Amino acid sequence: MAFNPRHPFKQNLKTCPIYANGISKSLLWTVYFLLFTFLVCTGCGYQNHSGKVICSVARETTISSSVTNEDLSVSVPEEIANNCMAIADMYKDMIVNTQTVKDETIEEIEAILVNAGYPTVVKEGIYPEYLANSEVLYDFWDQVTAKQDGEIGIVQVRENGGFSYLYFRSVEGSGQCYSVFVDWNADTEPYFSMCEELPVYDWELTENGTFYYQTYPPDCHYDDYARLLLHPIDQAYYDLMLTYIEPIGYAQNNMFYCDWSEQDFGELCFNDLFGYLYKLQTGRKLDLNQFSYNGVPWYYLIPRDLFEETITSYFSITKEALRNHAVYFESQQEYAYADNYLYFPDDIPDMIPMVTNRVDNPNGTFTLSVTVSSLERKTDKLFCHEVTIRPLADGGFQYVSNRISYLTDYGLPPNYPRLPEEIR
């Protein structure tokens, strides 16, 4: 997919009034999915679960699986069907409950598939999943880049003990994909619950070992690309990301988007950070019903002591300096805070941070190097920044500084303060 650098991030429905007035992103995605499913079902041979066929693919080579339940029949290409049944046979005896399977059992199943040589998506606890036996994908990618014919089937065990089978085929460098789901019926017999043929609009294997692929049309209202990590991540670095980066994130605040330090907080917006830091400190989401609400322009009023105690727990800033830097109403002794639903971004993509290095500094602080990847940009390095943190004696910590250390030609994704411009 060719990107236009003049329009690095596409517009989507996050800017429409229905989103801004409080419908959640997950609900919006559900609407998109149902609409997409309706369009496909009415125009591409799909039927619902009461029908006969969910997906009719490669008609000249497909067979109707003889392994079905009484409610569902799915056509699957013969080679793929044989591969899937062979996989199911390898661990059929381990399936007792066809609704959920213990994590330990899933790990055992994954080990069986990995030892048998199958490219298998595995997950270790809270850490991101990755592809075991990834050398098979590297070999496949060599065929793709050489414009040769090749194929690869990737397995992922699901919570119910079934599995998904993602089959890629390269024909002279062009891609085709089948997404197949295998489940277990009440008699613990495998059956195909879904088969979908998808075009591959784009794919790429990066030097860092990330396989990006795009099987839905560009400009659909979800991330353009899916990805597979071909190597396990550094768990210690991931723990650092979970502790110091994820609680703040990259949406609806500018903490990691600008350069600032304790000597000069620059454009850092403390008002937008209040809700994130409150949750980080208390473990609870901020209940806005307890605060006064200003109608037009729209914002809440946070009592001075609560706001200042929360912010100064994570930043070394005097209360006087905070009042001068943030939006503060002296006469009311309150700070302004805008609700997320009143936030009107352009198009802010989902971003995935990864800590890549830690440096302990002589003054007792430490600096984390963070690389931010983007599915919409098909890149492992959209931008990088360095965050310095000060551990505290009571087990807490403070953010000391942030510095943007690397930018692509796309620049930083758009990010604006949530507070109404009239009071900033």
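This is a predicted model: local features need pLDDT of at least 70, side-chain atom pairs count only at pLDDT 80 or more; totals for chains, interfaces and linings use all residues.
Overall figures.
I count 9 helices and 20 strands in the protein. Of its 424 residues, 49% are buried. The protein exposes about 21100 Å², with carbon and sulfur atoms supplying 49% of that area. I also looked at contacts with a separation of 6 or more: residues 24 or more positions apart account for 55% of them.

I traced an open sheet of 6 strands in the order 4-3-5-6-7-8, and its pairing is mixed. Strand 4 (130–132) and strand 8 stand at the edges; each has a single partner strand, so one side of each has no neighbour in the sheet. Direction ignored, neighbouring strands of this sheet are turned by 25 degrees against each other on average.

I then looked for helices on this sheet. Helix 3 (residues 78–91) packs on it and touches strand 5 (150–157), strand 6 (163–171), strand 7 and strand 8. The direction of helix 3 makes about 145 degrees with that of strand 6. Helix 5 (residues 135–145) also packs on the sheet, touching strand 4, strand 5 and strand 6. For helix 5 I noted an angle of about 150 degrees with the direction of strand 5.

Strands 7 and 8.
How many bridges pair strand 7 with strand 8? I find 9 bridges, in the antiparallel sense, with strand 7 covering residues 174–184. The two strands form a hairpin with 5 residues between them. In the turn, Thr 188 has a positive phi of about 50 degrees. Trp 184 stands opposite Pro 190 in strand 8.

Is strand 8 largely enclosed or largely open? In strand 8 (residues 190–199), 7 of the 10 residues are buried, so the strand is largely enclosed by the rest of the structure. I set this beside its place at the edge of the sheet, where strand 8 has a single partner strand.

Salt bridges.
My count comes to 9 salt bridges. In one of them Lys 92 pairs with Glu 189, with 2.9 Å between the closest N and O atoms. This pair links distant parts of the chain, 97 residues apart: Lys 92 is in the loop between helix 3 and helix 4 (103–115), and Glu 189 is in the loop between strand 7 and strand 8. Lys 92 is partly exposed at 24% relative accessibility, and Glu 189 is partly exposed at 31%.

I next checked Glu 262 and Arg 390, whose side chains meet in a salt bridge at 2.9 Å, N to O. Glu 262 lies in the loop between strand 12 (260–261) and helix 7 (270–282), and Arg 390 lies in strand 19 (residues 379–391), so the pair ties together parts 128 residues apart in sequence. Arg 390 counts as partly exposed, at 24% relative accessibility.

Asp 305 forms a salt bridge with Arg 304, and here the closest N and O atoms are 3.6 Å apart. Asp 305 is exposed, with a relative accessible area of 54%.

Note on methods:
Residues are numbered from 1 along each chain as its sequence is written. Side-chain values use heavy atoms; hydrogens and water are left out. Buried means under 20% relative accessible area, exposed over 50%, partly exposed in between (1.4 Å probe, protein chains only). Helices (H or I, at least four residues) and strands (E, at least two) are DSSP runs, numbered from the N terminus. Two strands pair if DSSP finds at least two bridges between them. Axes are lines fitted to C-alpha atoms, for helices over the stretch in contact, and angles run from 0 to 180 degrees between N-to-C directions. Contact means heavy atoms within 4.5 Å. Accessible areas come from the Shrake-Rupley method with a 1.4 Å probe; for residues, only the protein chains shown count as cover. A salt bridge is a side-chain nitrogen of Lys or Arg within 4 Å of a carboxyl oxygen of Asp or Glu.
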